[in-house]
Amino acid sequence: MPGGPARRRRPYVVIGSAIVLVAAVLLGYVALFGRPAGVDAARERTMRASIISYLEQRHWRGVLEARRSKQKVRWICADRLIEVSGDGENYKVGLHALCQEFTAVDGSLVKGSGESSPKLATVTSPDRPVEVLRVEQPPDGSGYGSWVRSNFSWAGVAELRRIQRSLPADLEATMLTKARSAFGLPADAPVRR
């Protein structure tokens, strides 16, 4: 049969080639623009740790603080870095943060209020010690999408959407490990609401 199997495979070859090309462009973009000059892996870890500490110390009064005022309550956060860009003298760090309030009761970790959202942190440049100058997040409602598009690159928006479609399990696992450690609980301590 003329043009049979070979003709049927051609669309798959074109689609496969397009996928490989898009992946190569995205990897090239991240390699060139995802981490500006002067931000090495150690500096990136320090920036992220500073941002997480900033988020954990500046949260609203959650349900556990209201209901269990006599107990120690802490906010614990984990993040997924999306992108870092230079902004004159400082850096803009785009990330997705997962934050939750916790306390410990009878050997269990108890969860309270929480949030999962993109953040844009402004931190000092590499020639100075890392200091978080501010952290912004999108407004609720109709302004959410436009805030994300105006504060993240197109590759960053795509990565953020990927994270939000299927929140990586390692984010929650990291947060729970930190929370158990903060309350002196064993690694297998149960978690409840």
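The stops below run from the whole chain to individual residues.

The model is predicted: local features require pLDDT of at least 70, side-chain atom pairs count only at pLDDT 80 or more, and totals for chains, interfaces and linings use all residues. Residues are numbered from 1 along each chain as its sequence is written, and side-chain values use heavy atoms, with hydrogens and water left out.

**Whole chain.** Begin with a cartoon of the chain, which has 6 helices and 5 strands; these are DSSP runs numbered from the N terminus, helices being H or I of at least four residues and strands E of at least two. From the N terminus on, the order of elements is α-α-α-β-β-β-β-α-α-α-β. Of the 193 residues, 40% are buried (buried means under 20% relative accessible area, exposed over 50%, partly exposed in between, with a 1.4 Å probe and protein chains only). Among contacts (heavy atoms within 4.5 Å) with a separation of 6 or more, 65% join residues 24 or more positions apart.

**The nonpolar cores.** Next, select Met47, Ile51, Leu55, Val84, Val93, Cys99 and Val123, the residues with the most contacts inside the largest nonpolar core, which has 18 residues. A nonpolar core is a set of buried Ala, Val, Leu, Ile, Met, Phe, Trp, Tyr and Cys residues joined through side-chain atoms within 4.5 Å. A second, separate core of 12 residues includes Ile76, Ala78, Leu176 and Ala179.

**The disulfide.** Which residue is joined to cysteine 77 by a disulfide? Show the side chain of cysteine 99: the disulfide between cysteine 77 and cysteine 99 has an S to S distance of 2.1 Å, the criterion being a pair of cysteine sulfur atoms within 2.5 Å. By this rule the count comes to 1 disulfide. Cysteine 77 lies in strand E1 and cysteine 99 in strand E2, so the pair ties together parts 22 residues apart in sequence. The link is right-handed, with 115° about the S-S bond, and both cysteines are buried. Leaving aside residues up to four places away in sequence, the contacts of cysteine 99 include Leu55, His59, Trp75 and Met175.

**Tryptophan 75.** Stay in strand E1 and select tryptophan 75, which counts as buried at 6% relative accessibility. Beyond four places in sequence, tryptophan 75 touches residues including Glu56, Trp60, Glu65, Gln100 and Ser113. A C-alpha to C-alpha distance of 8.4 Å separates tryptophan 75 from alanine 179, although the two are 104 residues apart in sequence.

**The loop between E2 and E3.** Move to aspartate 106, located in this loop. Aspartate 106 is exposed, with a relative accessible area of 77%, and its phi is near 50°, a positive value in a residue other than glycine.

**Helices H4 and H5.** Finally, select H4 and H5 (residues 154-165), whose axes come within 9 Å and cross at roughly 130°; axes are lines fitted to C-alpha atoms, for helices over the stretch in contact, and angles run from 0 to 180 degrees between N-to-C directions. H4 and H5 are therefore oblique to each other (under 35 degrees counts as roughly parallel, over 145 as roughly antiparallel, 65 to 115 as roughly perpendicular and the rest as oblique). At their contact, Tyr144, Val148 and Arg149 of H4 meet Val157, Leu160, Arg161 and Gln164 of H5. Glycine 145 also lies in H4 (residues 144-151) and is partly exposed at 24% relative accessibility.
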